[in-house]
Amino acid sequence: MAERQGQAAADAVLTRIGQVVILHHAGDREEARRRFLDLWAELGEHGDPLYRCTLAHYLADTQDDPADELAWDLRALTAVEEIAGGGPASREEALAVRAFYPSLHLSLAADYAGLGQCDAARTHLRRASRAAADLADDSYGEGVRAAIRRWEARLGEGDGGAWTPPRQRP
């Protein structure tokens, strides 16, 4: 009985995160950020790392300041590394970790590129590419690999090409 209640609570957290993601994709960035921050306050800095990773990863996308976006993506990476290094994980957690790494490193590459830190961006892009080998050949995996290829072209990765940072957001 207690296990089912725990699963129901977990499902409720993921449902709430999903609802806010929908709100964000519908264009209400400010409200999405506010709701994500409310959820973050409920979970706390020491809440379930899988939820913290998911939430921080999405919260990063609602930030206006590139440095804030980087900070949230780093929180997401720290949380997923807690799962990876925290002893035996459930099968679902292990799969989630493998699926998160390419996306997290890709986001970090974009964050660092936005801040003009091309060496750090390339480092995370290489990590994303290595981690993407673990992704399935499904739409998610193909989408992540396609995004990695776009960033490789943009950063001149692999050919030593020159790269200049994008203009800062107004």
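The model is predicted, so local features need pLDDT of at least 70 and side-chain atom pairs count only at pLDDT 80 or more, while totals for chains, interfaces and linings use all residues. Residues are numbered from 1 along each chain as its sequence is written, and side-chain values use heavy atoms, with hydrogens and water left out.

Figure 1. The protein has 7 helices and 0 strands. Helices (H or I, at least four residues) and strands (E, at least two) are DSSP runs, numbered from the N terminus. Reading along the sequence gives the pattern α-α-α-α-α-α-α. Of the 170 residues, 41% count as buried. Buried means under 20% relative accessible area, exposed means over 50%, and partly exposed lies in between, with a 1.4 Å probe and protein chains only.

**Figure 2. Helix α2 beside helix α3.** Welcome to the first helix pair! Two packed helices are described by the angle between their axes and the distance between the axes. Here, the axes of α2 and α3 come within 10 Å and cross at roughly 155°. That makes α2 roughly antiparallel to α3. Axes are lines fitted to C-alpha atoms, for helices over the stretch in contact, and angles run from 0 to 180 degrees between N-to-C directions. Angles under 35 degrees count as roughly parallel, over 145 as roughly antiparallel, 65 to 115 as roughly perpendicular and the rest as oblique. The α2 and α3 crossing is left-handed; a crossing has this name if the near helix is turned anticlockwise from the far one by less than a right angle, and is right-handed if clockwise. On the α2 side, the contact includes Phe 36, Leu 37 and Trp 40, and on the α3 side it includes Tyr 51, Arg 52 and Leu 55. By class, this contact of α2 with α3 has 10 nonpolar, no polar and 2 charged residues. Ala, Val, Leu, Ile, Met, Phe, Trp, Tyr, Cys and Pro count as nonpolar, Asp, Glu, Lys and Arg as charged, and the others, Gly among them, as polar.

**Figure 3. Trp 40 and its neighbours.** Look for Trp 40 in helix α2 (residues 29-43). At 9% relative accessibility, Trp 40 counts as buried. Which residues does Trp 40 touch, not counting residues up to four places away in sequence? They are Glu 45, Arg 52, Leu 55, Ala 56, Leu 59, Trp 72 and Arg 75. One of these, Arg 52, is 12 residues from Trp 40 in sequence and 7.3 Å from it in space, C-alpha to C-alpha.

**Figure 4. Helix α3 against helix α4.** The axes of α3 and helix α4 (residues 66-85) come within 8 Å and cross at roughly 160°. That makes α3 roughly antiparallel to α4. α3 passes α4 in a left-handed crossing. Residues of α3 including Leu 50, Cys 53 and Ala 56 meet residues of α4 including Trp 72, Ala 76 and Ile 83. Sorted by class, the contact of α3 with α4 has 11 nonpolar, 1 polar and 5 charged residues.

**Figure 5. Thr 54 in helix α3.** Thr 54 has its place in helix α3 (residues 49-60). Is Thr 54 buried or exposed? At 11% relative accessibility, Thr 54 counts as buried. Leaving out residues up to four places away in sequence, Thr 54 touches Ile 17 and Phe 100.

**Figure 6. Helix α6 beside helix α7.** The axes of α6 and helix α7 (residues 139-155) come within 10 Å and cross at roughly 150°. That makes α6 roughly antiparallel to α7. The crossing of this pair, α6 and α7, is left-handed. Among the residues making the contact are Ala 121, Leu 125 and Ala 128 of α6, with Ile 148, Trp 151 and Leu 155 of α7. The residues of the contact of α6 with α7 divide into 7 nonpolar, 1 polar and 3 charged.

Figure 7. Thr 123 lies in helix α6 (residues 118-132) and, at 27% relative accessibility, counts as partly exposed. Thr 123 and Ala 109 are 14 residues apart in sequence and 7.4 Å apart in space, C-alpha to C-alpha. Cys 118 also lies in helix α6, and its 22% relative accessibility makes Cys 118 partly exposed. The C-alpha atoms of Cys 118 and Gly 156, 38 residues apart along the chain, are separated by 9.9 Å. Cys 53, by contrast, is buried, with a relative accessible area of 0%. With a disulfide defined as a pair of cysteine sulfur atoms within 2.5 Å, the count comes to 0 disulfides.

Technical notes: Contact means heavy atoms within 4.5 Å.
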